[in-house]
Amino acid sequence: MTTRRDLLQLIGVSSAGLLTGAVTPAQAQSSPPQTAVPSREGNGYLPVRTLNGWTLPHRMVDGIKEFHLVAEEIEHEFAPGCRARCWGYNGTTPGPTIEAVEGDRVRLFVTNRLKEATSVHWHGIDLPNGFDGVAGLNQPPIQPGETFVYEYTLQQHGTHMYHPHADEMTQMAFGMMGLFIIHPREGEVERIDRDYAFLLHNWALHPGTYRPDPSIMQDFDLWTFNSKVFPAIEPLVMRTGERLRIRVGNLSMWNHPIHMHSNPFWVTGSDAGRWPRAQWRREVTEIIGVGQMRDLEFVATEPGDWALHCHMAHHTMGPMGHEIPNPTGVDQRGVESRIRQLLPGYMAMGENGMAEHAEHVAMGLKGPANTLPMMTGRGQFGPIEMGGMFTVVKVRDDLAPNDFRDPGDYRYPAGRVARRVSSDPSFGRPHRREPYGPIKAAPATEPESPTPPMDHSQHHMNSGG
Ligand SMILES: [Cu+2]
């Protein structure tokens, strides 16, 4: 008979790894040596990287992985200049990510430090009904000050979540949620080099306030990845040739079409685990429905700073008024001078579009207290004019395998960035169509300077996943 010690030697886990609970007896008894994926950071799996977040440490007690969540009120910063009284777990929203391996037995303590009852539902996880966490239906509510325990064996792998099923309208609106990642016991069928995870959420933190409003159904102020708004959302950093997985879950009140620039990805899994390969789908935008999880994978072939964002235009914006008249095309000069008699310094805006908002922010004009600008974030060429569910996938040729540091702005090779060729609005002979008329070309004008030929030699088009 193979002893546990033999197996541990076989899979190359040090005694230090055992002390931190890296391998459970259950794994040692039931899993083959991890040849598919080598021991990675001593866990036998590649740890997930929770964007702007963290993984909850566990204790091994009699072969069971013990985790301890604390539901509590917290101070949270969405981005510098905007904080709120939120609710979360263990000091943060989202709460810490729970990571374990298929076959593990887990014991989850939940202490309630809120002033109202709560519970925890383990979203998408196969478990005995009495641990499913719907207060009133499956268990008594966890009253303030009480600690409950949930204990079950993980029979699956995949990307999951946890959240309350008690006064969830309020508790989730205040930020109570977290990720629960279960790694496959047999290793990944295809090696992953970087594994990112985040949850989508929306917040009604009205301008000038410090407490999210749980009664809002649609018209939210903040749209977040892991409770952060751009530019406070970390970039996803990777090296060309590496395979990236992005695990995205949605506990907000909207569906979010998550869009990746340049790199078509494969949708490869969900809370049902990594799907059979025949079910993988190639997409550039994937709608993550409310309550759903999706795993997106791709191999980056083209270096650069690639946008990753929700494609709902208002979801990449900060707080804005939605019940104002439409000022586009309206000459507001007379209005501005009259309003200035009442409000010195008042500036009308929106006559030519909303981009001047970002310019006003750059000039240092202030909005209400504790309120982020509608558009924010700067790139190397100017304002990015995004402020919500937006971040950057930074692909570089020269990163070390485990280097997750922000490499800064991408340095564009000469001739491989869009540039101005004329400042004359009559430039060129563009075909255009008069209203209801024929298509015709305008008279020609010359460019400012001879246009150098495009450099086609350096890079091939990207082929993705
Ligand atoms: Cu969205």
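In which sense do β7 and strand β9 pair, and over how many bridges?

1. β7 and β9 (residues 158–163) pair in the antiparallel sense over 3 bridges, where pairing requires that DSSP find at least two bridges between two strands. H121 stands opposite H163 in β9.

2. The structure is a predicted model, in which local features need pLDDT of at least 70, side-chain atom pairs count only at pLDDT 80 or more, and totals for chains, interfaces and linings use all residues. Residues are numbered from 1 along each chain as its sequence is written.

3. An open sheet of 4 strands runs in the order β5-β10-β9-β7, with mixed pairing. Its edge strands, each pairing on one side only, are β5 (98–101) and β7 (121–123). From one strand to the next the twist averages 25°, with axes being lines fitted to C-alpha atoms and angles running from 0 to 180 degrees between N-to-C directions.

4. The protein contains 6 helices and 26 strands; these are DSSP runs numbered from the N terminus, helices being H or I of at least four residues and strands E of at least two. Of its 465 residues, 37% are buried, that is, with 20 or more other C-beta atoms within 10 Å of their own, C-beta atoms being placed from the backbone. Among contacts with a separation of 6 or more, 72% involve residues 24 or more positions apart, a contact being two C-beta atoms within 7 Å.

5. D398 lies in the loop between β24 (390–396) and β25 (431–433). D398 is exposed because 9 other C-beta atoms are within 10 Å, the limit for exposed being 12 or fewer. The C-alpha atoms of D398 and P303 are separated by 9.8 Å, although the two residues are 95 residues apart along the chain.
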